[in-house]
Amino acid sequence: MTDMASLMEDRAKPGTPKDPRKPVNWDSPDIARRIKKRYGADRRFKMYGLVAILMALAALLTLGTSIVSKGYTAFFHTYVELEIFFDPAEIDPDRTNDPAVIGRANFDGLIKQNLRNHFPDVTGRSELRQLYDVISGGASYDLRTRVMENPSLIGETRKVWLISGDDFDMLNKGFIDAGGEEASRRLSDAQVGWFQRLVADGAVEKQFHKRFFTGGDSREPELAGIWGAAVGSFYTLIITLLLSFPIGVAAAVYLEEFAPRNRFTYLVEVNINNLAAVPSIVFGLLGLEVYLNLMHLPRSAPLVGGLTLALMTLPTIIIASRAAIKAVPPSIRQAALGLGASKVQTVTHHVLPLAMPGILTGTIIGMAQALGETAPLLMIGMVAFIVDVPGGVTDPATVLPVQIYLWADSPERAFVEKTSAAIMVLLGFLILMNGFAVYLRKKFERKW
Amino acid sequence: MSLTFLLLAIALLCALSFFFGRQRAVGLSGGRYSNLHSLPVHYGVYTALWCGLPALFIVMVWYGFQGTIIQALIVADLPDSLTSDPGQLSLALNSIGLLSEGRGAHLAGAAPELIDAGRRLANLKSIASGALVVVMVCGALLGLIFSYRKITKDMRARNNVERIARGLMMICSAIAILSTVGIVFSLMFESLQFFTKISPLDFLFGLEWSPQTAIRADQVASEGAFGMIPLFVGTLLITFIAMCVAVPVGLFSAIYMGEYASPKFRAVAKPALEILAGVPTVVYGFFAALTVAPFIRNQGSLLGLDVSSESALAAGLVMGLMIIPFVSSLSDDVMSQVPQSLRDGSYGLGATKSETIRNVIFPAALPGIVGAVLLAVSRAVGETMIVVMAAGLAANMTANPLQAVTTVTVQIVTLLVGDQEFDSAKTLSAFALGLVLFLVTLGLNVFALKIVKKYREKYD
């Protein structure tokens with residue numbers, strides 16, 4: 001019971017000290033205390049509200065900082081400088097300068113040989129294998145492209161920065177404790193020792209990790225990049241946009257401007273509202289059953305992903321477009337009709353252009369939702385491990401959120417920072433899209 | 001013949017027919033457009049529509065059925081030994097597909113009938129794409145000729161175009177119905193197949209969930225139990241935890257935003273809260289699995305509690321965080337709809353702001369708030385990525401938030417990611433779960449919207 005209600009009740013009861021027949025002394029300390037109490041309760045209530053908002057914002061901040069603090073290191077990677085003798089006997093024994101010959105050469109062996117030269121004291125098969133782990137398996141490809149671009153390197157000795165293995169990168173970034181127990185980390189004491197010798201020689205450096213932005217997926221964290229997933233996301237979104245925008249706008253125009261009030265219209269409206277609330281995974285089941293099992297469209301393709309997401313974004317676009325169309329005042333329509341324009345002309349020449357900013361804002365927000373959507377795409381096979389960058393809408397592909405999901409599932413420690421960095425990129429895109437939507441709304445917002 | 005190319009071809013044909021139609025109208029008009037019923041543009045659009053729509057229709061139907069028909073043709077020619085076993089068949093079809101695209105180098109030693117079939121598949125595909133182009137162009141040209149011949153000075157081209165446009169718009173809005181029908185049918189179809197293998201009663205009321213079934217007859221594996229009660233208990237537990245976070249925080253933020261906050265604070269805090277709704281769920285899942293779950297486990301072990309690393313608590317808390325803006329914006333809406341006169345009446349009687357909110361606005365808005373909470377529940381029940389990444393896989397019947405539970409959506413994902421066999425109860429059960437999920441969320445939504453609507457009418 002609240003204080004005010006209790007006050008009223010007290011006054012209603014005869015015989016109590018606050019008998020209604022006697023006037024209340026509003027200046028009495030009793031009443032003053034009561035009022036103070038009530039205002040105290042008011043302040044506390046207000047504070048609860050503030051605390052709730054601050055809690056939510058604090059959680060948002062924690063989310064952001066935890067992602068950024070885990071992820072920013074992924075933009076840099078540890079490189080090791082080795083002196084490489086580009087042995088002509090190894091690479092191009094006949095001096096043909098033929099790219100095909102150079103392409104077949106054993107650059108991996110070249111790197112290994114130079115590692116052995118750098119650490120002459122390391123012998124023994126298993127020790128050597130541990131030593132080779134210092135340099136990533138992908139370094140030989142880098143070396144090959146380098147020589148193919150510049151064949152004059154052959155026969156020379158150059159200092160070359162080579163990409164290190166992911167465990168050594170983690171060691172260099174301090175995620176693996178060099179002082180800890182050998183059994184508790186992924187690197188042996190000997191490996192840590194070699195790496196520290198390289199550090200002491202000044203042959204270790206963190207450099208900007210371009211490969212993260214340009215590479216496709218890989219099982220090796222140091223070689224994995226987001227470009228493949230980003231291109232997949234792009235194709236998927238293009239399909240989604242091409243389908244859901246025209247269909248959504250047409251449906252909204254029909255429902256707002258043309259539809260008679262009948263059962264069909266009612267049914268459409270009920271369905272749109274319900275579709276907006278159907279769990280996204282159910283759309284995935286629909287896509288799996290209709291597009292893959294029934295129509296035999298290619299699995300894991302952006303085409304199918306886009307078709308599925310288009311159905312999901314459709315209600316968002318329709319609802320936003322209807323609101324925008326409704327906001328155009330009737331006087332505009334009446335003026336156009338009065339000048340002899342047909343109904344369709346009124347809509348296409350006047351109502352739609354005026355509603356377009358609102359429609360576009362809704363569409364961008366719908367696209368941003370589609371960009372972040374994961375669950376339905378898992379159902380239609382976009383979780384496959386795909387190394388190649390997709391070249392079209394029917395190639396197997398994955399998308400950014402699914403890539404994040406896949407990396408988050410990987411056991412290697414190095415994938416934690418990759419995942420966080422990919423999340424940062426995804427959030428960056430979302431912020432851009434939503435920012436653009438806000439800008440559109442601010443710029444073209446019109447009060448009639 | 002790629003789809004892009006076909007669409008470009010259709011666009012080109014449309015542009016051409018637009019040009020022809022317009023030219024014809026201009027020619028008929030004899031230089032004075034007022035001789036025509038409609039503007040020349042309308043005649044152009046009329047022919048373009050008549051050319052493009054049949055072509056587009058043909059392409060869509062073709063793409064929808066080509067795969068099915070070609071596969072049926074291939075399967076019909078395969079020996080019985082392959083077609084009798086569905087597993088064998090899908091393997092064989094896969095190899096045939098690879099062979100037809102010339103990617104089957106490793107299959108060089110495959111059975112001759114497979115290589116044969118691969119060659120035939122490649123053949124059929126090229127025939128199909130060639131035939132598609134021919135049929136499409138024929139359709140387009142027929143449409144063009146038909147409409148071109150119909151153009152006269154008095155033809156009501158504008159009315160015709162507008163009628164077609166209205167029809168197209170109606171079809172577009174019917175897609176909303178079509179996708180609901182598609183969802184219901186695709187879920188029903190596979191679920192009915194599932195229920196021929198597992199009794200619906202066992203599914204709905206069974207207390208054990210372990211979908212691992214033997215793949216081969218001689219394999220040692222459990223029979224597989226498909227009782228969905230444990231999954232629902234898990235879903236409800238996580239949803240309940242999420243609501244414990246989202247409802248109080250969301251409601252109090254809505255009250256503060258609506259009744260107390262200065263416009264300046266509101267302008268900053270409201271969009272900031274809405275960011276929470278825009279963060280992709282996979283990000284929340286990562287946050288729950290890598291930050292919140294270990295934190296809870298460490299705190300639990302400090303207190304001497306045994307906390308699972310995939311505890312329901314972590315998933316529930318993060319899901320609650322995600323739903324806060326949903327609850328707060330919906331309840332903000334309903335509370336701002338409470339008429340000002342009620343507030344003024346309460347203030348006039350000397351009530352403080354909090355007394356007004358608690359005793360007047362909140363009771364008046366209660367039905368709407370209940371509706372908002374129900375919508376939030378349906379959202380939480382259907383949420384997938386957070387639980388896939390942060391909740392467990394084992395179906396435990398427990399109400400202990402510190403233990404790992406699994407949910408309906410997690411099971412759907414685990415059952416369908418990876419190998420799918422549409423003849424085993426294991427894969428089909430995902431569709432039965434999807435059907436139940438769909439019906440539950442639909443029921444919640446319809447109910448919630450009804451409450452909200454009824455309440456709105458009260459104050460309108």
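Student: Where do I start with the numbering and the model itself?

Tutor: Residues are numbered from 1 along each chain as its sequence is written, while chains are lettered from A and ligands numbered from 1 in the order in which they are written. Since this is a predicted model, local features need pLDDT of at least 70 and side-chain atom pairs count only at pLDDT 80 or more, whereas totals for chains, interfaces and linings use all residues.

Student: Let's begin with the sheet in chain A. What is its strand order?

Tutor: First, the terms: strands (E, at least two residues) and helices (H or I, at least four) are DSSP runs, numbered from the N terminus. Two strands pair if DSSP finds at least two bridges between them. Here, an open sheet of 3 strands in chain A has the order E2-E1-E3, with antiparallel pairing.

Student: Which strands are the edge strands?

Tutor: They are strand E2 (157-163) and strand E3 (204-208) of chain A, and each pairs on one side only. Neighbouring strands of this sheet are turned by 40 degrees against each other on average, direction ignored.

Student: How many bridges does E1(A) make with E3(A)?

Tutor: Strand E1 (residues 76-85) of chain A pairs with E3(A) over 5 bridges, in the antiparallel sense. You can follow the pairing residue by residue: Phe76(A) stands opposite Phe208(A) in E3(A), and Thr78(A) has Lys206(A) as its bridge partner. With E2(A), strand E1(A) pairs over 7 bridges, again antiparallel. On that side, look for Ile84(A), whose bridge partner is Arg158(A).

Student: What are the domains of chain A?

Tutor: Domain bounds come from an automatic or database domain assignment. Chain A is divided into domain 1 (3-71), domain 2 (74-217) and domain 3 (227-444). The C-alpha centres of domain 1 and domain 3 of chain A lie 45 Å apart. Even so, there is a contact between them, with 4 residues from domain 1 and 6 residues from domain 3. Two residues are in contact if their C-beta atoms, placed from the backbone, lie within 7 Å.

Student: And where are the domains of chain B?

Tutor: Chain B has domain 1 (3-155) and domain 2 (225-459). Their centres, taken over C-alpha atoms, are separated by 47 Å.

Student: Now for helix packing. At what angle do H2(A) and H19(A) pack?

Tutor: Axes are lines fitted to C-alpha atoms, for helices over the stretch in contact, and angles run from 0 to 180 degrees between N-to-C directions. Helix H2 (residues 29-71) and helix H19 (residues 414-444) of chain A pack at about 125 degrees, with their axes 7 Å apart.

Student: Why are H2(A) and H19(A) called oblique?

Tutor: Angles under 35 degrees count as roughly parallel, over 145 as roughly antiparallel, 65 to 115 as roughly perpendicular and the rest as oblique. H2(A) and H19(A) are therefore oblique to each other.

Student: Which residues of H2(A) and H19(A) meet?

Tutor: Ile67(A), Val68(A), Lys70(A) and Gly71(A) in H2(A) meet a group in H19(A) that includes Val416(A), Ala421(A) and Met424(A).

Student: How do H8(B) and H13(B) pack?

Tutor: Helix H8 (residues 229-260) and helix H13 (residues 353-382) of chain B pack at an angle of about 140 degrees, with their axes 10 Å apart. Among the residues that make the contact are Ala242(B) and Met243(B) of H8(B), and Val373(B) and Ala376(B) of H13(B). The contact residues divide into 11 nonpolar, 2 polar and 2 charged.

Student: Finally, how many residues does each chain give to the contact?

Tutor: The contact takes 75 residues from chain B and 70 residues from chain A. Helix H6 (residues 157-197) of chain B gives the most to the side of chain B that touches chain A, with 20 residues. That side of chain B has 45 nonpolar, 23 polar and 7 charged residues.

Definitions and conventions
Ala, Val, Leu, Ile, Met, Phe, Trp, Tyr, Cys and Pro count as nonpolar, Asp, Glu, Lys and Arg as charged, and the others, Gly among them, as polar.
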